[in-house]
Amino acid sequence: MAAPKGNRFWEMRSKHGRDRLFETPDLLWEAACEYFGWCDENPLIETDFKGKDADEVHIPRIRAYTLQGLCLYLDCNAGYFTDFETALKEDDTETAEDFSRVITRIRETIFTQKFEGAAAGLLNANIISRDLGLVDRKDMTTAGRGLSQMKIEVVDPATAENLRKLQNTQSLEESRKLQNPQPSRHPQPLESSPQPQQSQSSNPQEPANFQSPTSPQELPEPPSPQASLNPQTPGGHADE
């Protein structure tokens, strides 16, 4: 089918009405195939410039199938489509089972086209992987519980002996570290020693316990020469 003028995909509508589309599974599958065919016949166009003269070129790119795009084509929204799919689970009629098979086939077709396009490099792999829920996740828990210890049994005797020696070596090193702990690299704070009491001195530059020398006025007078030549006798008289 021809694309609308200007490749305006949001103006696309199924030739059947929305209410009629959801009356029979065959009409729904026919409208879905029309949407898939329109996507294949109307690829996305990338404009680029090639060559030394920068010639404008138009490169067709694959258009990914989406559930939202299908809903636009069916003249409904994704919520309406999801609610219709959920209501089928509570219906046990044969028509409901046929609708469920058609909707499952539609979802699988959209998934396959996206996955194959991303795997071939025709679509952005990061965007498609997140859209399809294929993001690599590592779950380290089991149903909300922590992982239990894993027991590994070595069958090869030589490997088991080497593993035993390695375990013994590690045990000896750990015991040595416990017996001879390495001193801490961080310096310990020094204990504060009591400061000596400084003597009170009028001169702040004098050290503690410093005695100033006797001034010249306080020195004793030297003995006179006469006293040294005429020593006094006992009784206080000089010898004649």
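The questions below concern a predicted model.

Colleague: What makes up the secondary structure of the protein?

Modeller: The protein has eight helices and four strands. Read from the N terminus, the order is α-α-β-β-α-α-α-α-β-β-α-α.

Colleague: Why are helix 2 and helix 5 called roughly parallel?

Modeller: The axes of helix 2 (residues 25–41) and helix 5 cross at roughly 10°. Angles under 35 degrees count as roughly parallel, and therefore helix 2 and helix 5 are given that description. Their axes come within 9 Å, and the crossing is right-handed.

Colleague: Which residues of helix 2 and helix 5 meet?

Modeller: On helix 2 they are P25, L28, W29, A32 and F36. On helix 5 they are T95, D98, F99, V102, I103, R105, I106, T109 and I110. By class, this contact has ten nonpolar, two polar and two charged residues.

Colleague: What is the handedness of the crossing of helix 4 and helix 5, and which residues make the contact?

Modeller: That crossing is left-handed. Helix 4 contributes F81, T82, F84, E85 and L88, and helix 5 contributes A96, F99, S100, I103 and R107. Six of these residues are nonpolar, two are polar and two are charged.

Colleague: How do you know that C71 is in no disulfide?

Modeller: A disulfide needs two cysteine sulfur atoms within 2.5 Å. The nearest cysteine sulfur to that of C71 belongs to C76, and it is 4.1 Å away. C71 is therefore not paired, as 4.1 Å is beyond the cut-off of 2.5 Å. For the protein, the count comes to zero disulfides.

Colleague: Why are C39 and C71 called buried?

Modeller: Buried means under 20% relative accessible area. C39 has 2% relative accessibility, so C39 counts as buried. C71 has 1%, so C71 counts as buried too.

Colleague: How many of the residues in the protein are buried?

Modeller: Buried residues make up 18% of the 240 residues.

Colleague: What makes A54 worth a remark about phi?

Modeller: Most residues other than glycine have a negative phi. A54 is not a glycine, and yet its phi is positive, at about 55°. A54 lies in the loop between strand 1 (44–50) and strand 2 (55–61).

Colleague: Where is D75, and what is its phi?

Modeller: D75 is in the loop between helix 3 (67–73) and helix 4. D75 has a positive phi of about 60°, although it is not a glycine.

Colleague: Why are A54 and D75 called partly exposed?

Modeller: Partly exposed lies between the limits for buried, under 20%, and exposed, over 50%. A54 has 43% relative accessibility, so A54 counts as partly exposed. D75 has a relative accessible area of 43%, so D75 is placed in the partly exposed class.

Key:
Residues numbered from 1 in each chain as written. Predicted model: local features only at pLDDT ≥ 70, side-chain atom pairs only at ≥ 80, totals over all residues. Heavy atoms only, no water. Left-handed = near helix turned anticlockwise from the far one by under 90°. Helix = DSSP H or I, 4+ residues; strand = E, 2+ residues; numbered from the N terminus. Contact = heavy atoms within 4.5 Å. Nonpolar A, V, L, I, M, F, W, Y, C, P; charged D, E, K, R; others polar. Buried < 20%, exposed > 50% of the residue type's maximum accessible area, 1.4 Å probe, protein only. Axes fitted to C-alpha atoms, helices over the stretch in contact; angles between N-to-C directions. Parallel < 35°, antiparallel > 145°, perpendicular 65-115°, else oblique.
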